[in-house]
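Good morning, and thank you for the time.

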Amino acid sequence: MTKSGTFDPMTDEKKQLEIRGFLQLDAFLKKKYGTMPVFYEIDGPITGIELAKELGIKREDIEVIFVNGFVQEVNYTLNPGDRMAFLPPGCPGPYRIALGFYGKNQDNAANFKIQRKDSK
Amino acid sequence: MSFIRLSFKLKEVFFVNKFIRVNMETLEVTVGTVPEKYAGLGGRALTSNFVNDEVKPTCHPLGKNNKVIIAPGLLSGTTAPNSGRLSVGAKSPLTGTIKESNTGGSSSQMLAKMGIKALVIEGMPKEDKFYIIKVTMDGVTIEEAPSQILGGCGNYEAIKVLNEKYGNHVGMALTGPAGEYRLPSANISFKDPDGNIRSAGRGGLGAVLGSKKVKGIVIDSTGASSVPIADPEKFKAASKVFAKALLDHPVAGQGLAAYGTDVLVNILNEAGGLPANNFTAGRIDHNDNISGETMNATITERGGEGKVSHGCHKGCIIRCSQWYPDKQGKYITSGFEYETIWGLGADGGIKDLDIIAYIDRAMDDVGVDSIETAVAVATAMDGGLIPWGDGEAVLKIVQEMAKPTPLARIIASGTSVVGKVCGLFRVPVVKDQGIPAYDPRSVKGIGLTYATTTMGADHTAGYCISGNILKVGADIDPLKKEGQVEYARAMQIGTAAIDSSGMCLFVYFGIADNPGGYQALIDMINAQYGLELTADDLDTLGKAVLKVEKDFNTRAGFTNHHDRLPEFMEYEPLPPHNEVWNFTPEEIDEVWNF
Ligand code: SF4
């Protein structure tokens, strides 16, 4: 099995990440890997930022990541077997608050210049 | 066709702040200046105050005591970006509550430039005839509607006929076939600058207009001047700051402009909050078929008349709309929204974006709310009335709303009626209005808004938060209770204020993440009217609007017990997070503690 490709649950489940990209990263990953989601082999825990670098995704193209259905900050640690997605800046709506972006993007000055909770 | 009445010469009587009443019983028009108590109000603030003052709360929504009021927002007609929204108010035949539904299109800016603060339609004609109300700078006339646009003629054809009669340049509000039949999901359809359709969608206001036998309102602003601005320099400067705040924000540049609101399919799916199969799951596998990313790729690949980005009115700089073409590149529909695509694609399991686009067009053509219809369709699928995922069957039913057949009548009567007809307990409504595309079990703050808004379940009722209370957002976890009451309260207050400004709700993104942008919005209002409003004043306005609406609902018989989500959400866990709705009645009621 190469680093990315078709998922084989019998052998790959424990070693792979299930990766999606949204907005412009949807086209980017589909073009690069020919599929969505991308199943990507990792040796052990890896942060969102490290993974992005490996995949050639630019730092400024990520506001937050999803990990197993929850919004996390971009340097959150991913483990083999996780389902994750990269979300670029651009999600509209009150969901930016309701889904918890504002608690997770506060170290991410590139995206939204909102004040940190502890900076007041 | 007979000319009925030319009641007055607007130009000679008033130039600004006109308050027009059209009495459909006597077929008389009166015009006056806006009553003192409504001075300084626009959009939702004006429509809701008026409905609370003049509509008998216990009246039958389709009877002679209901009134329809149409009002541009405070900033409509100016050069302020995205300020062309129009509010429509009445008592809703779907919910029985007060209703404000707003729309894009050309009409708001035209009415504002004509100095018209509000157009009220009251009474019911004695004769069984449909009419066109024509508003020009020379007067208001009530004419019989051309027979070829009655009795099932779709809105696209009706716009063509009326364009030929009155000229391409006119603005229009139309009662579609569903409104003529007074079906509870009927919307009011508005012509946009390209002759396509935008809708004041929710709450069945098309049925109210239909009950008053108004087939359409034609607005010809020829001869209107620009809206007066008290301090033009200050206005220009604030408008520039505001536009920059919007355009600098990635939502405008990278999100909505490229992918439309449908960008939310993948995001809500990933969050496990995309209601599927009539609210029995929070995630689907065929999200890629119906996502905004796929829509963008499809429009780009097909070319022709397709456009990935388009504004629903002049002066929109976010341009979340689009023109979705068929395989030959021919226009099918525009304003192809996430909630419609979610309802048919995820909740109803229709896996083909093209057939969803044709259904969207058909809903615009017959004039029904695409959210209510989509939720009703999914409920009907759960109830065995329509096969799951059968797009062709749904298209046929929607087209039959123009006749309408018994099944078409049932679906166009809304989710609550469909649930009863099918004997279901799983009926996703609040105050009889279908719950839109965000499941309250996994996005709890939105659930509190659905439960407590005066409008019945409505995601747009909690869309904006004022800049100075943004810190509320930093503590929100979508599955936990902490902070959600404050969130739902602040979002509803902020939204009520923005809905009164004439601004599209999507300006929220630019101004929420950029306090300078929020101040610029206030500065524009101040510069236009010569005021000194602050952010706190806007908050006060939002609170006042909500309280007025609540007062109407209370007098109509609504209590806290109606501010509840459907019971099934308390005992049916939603995969993948397997959460239930767990707010107590006392916690929900706290939203109104302000
Ligand atoms: S952002 Fe969308 S809804 Fe708002 S005014 Fe523009 S096109 Fe209309």
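**The interface and the salt bridges**

Chain B and chain A bury about 3,200 Å² between them, 66% of it on carbon and sulfur atoms; buried area here is the accessible area, with a 1.4 Å probe, that two parts lose on being put together, summed over both. This is a predicted model, in which local features need pLDDT of at least 70 and side-chain atom pairs count only at pLDDT 80 or more, while totals for chains, interfaces and linings use all residues. Residues are numbered from 1 along each chain as its sequence is written, chains are lettered from A and ligands numbered from 1 in the order in which they are written, and side-chain values use heavy atoms, with hydrogens and water left out.

In contact terms (heavy atoms within 4.5 Å), 40 residues of chain B meet 34 residues of chain A. The rule finds two salt bridges across this interface, a salt bridge being a side-chain nitrogen of Lys or Arg within 4 Å of a carboxyl oxygen of Asp or Glu. E270(B) and R83(A) form a salt bridge, with N to O at 2.9 Å. On the side of chain B that touches chain A, the elements giving two or more residues are α8 (250–259), α9 (264–271), α11 (292–302), α19 (484–501) and α20 (507–512) of chain B; helices are DSSP runs of H or I of at least four residues, strands runs of E of at least two, numbered from the N terminus. E270(B) and R83(A) also belong to a network of salt bridges with E18(A) and R20(A).

Over all chains, the structure holds 35 salt bridges. What does the pair R44(B) and D499(B) tie together? R44(B) lies in helix α2 (residues 43–54) of chain B and D499(B) in helix α19 of chain B, so the pair ties together parts that are 455 residues apart in sequence. Their closest N and O atoms are 2.9 Å apart. Both R44(B) and D499(B) are buried, where buried means under 20% relative accessible area, exposed over 50%, and partly exposed in between (1.4 Å probe, protein chains only).

A salt bridge also joins D128(B) and K213(B), at 2.6 Å from N to O.

Finally, R426(B) and E572(B) meet in a salt bridge of 2.8 Å, N to O, and both residues are buried.
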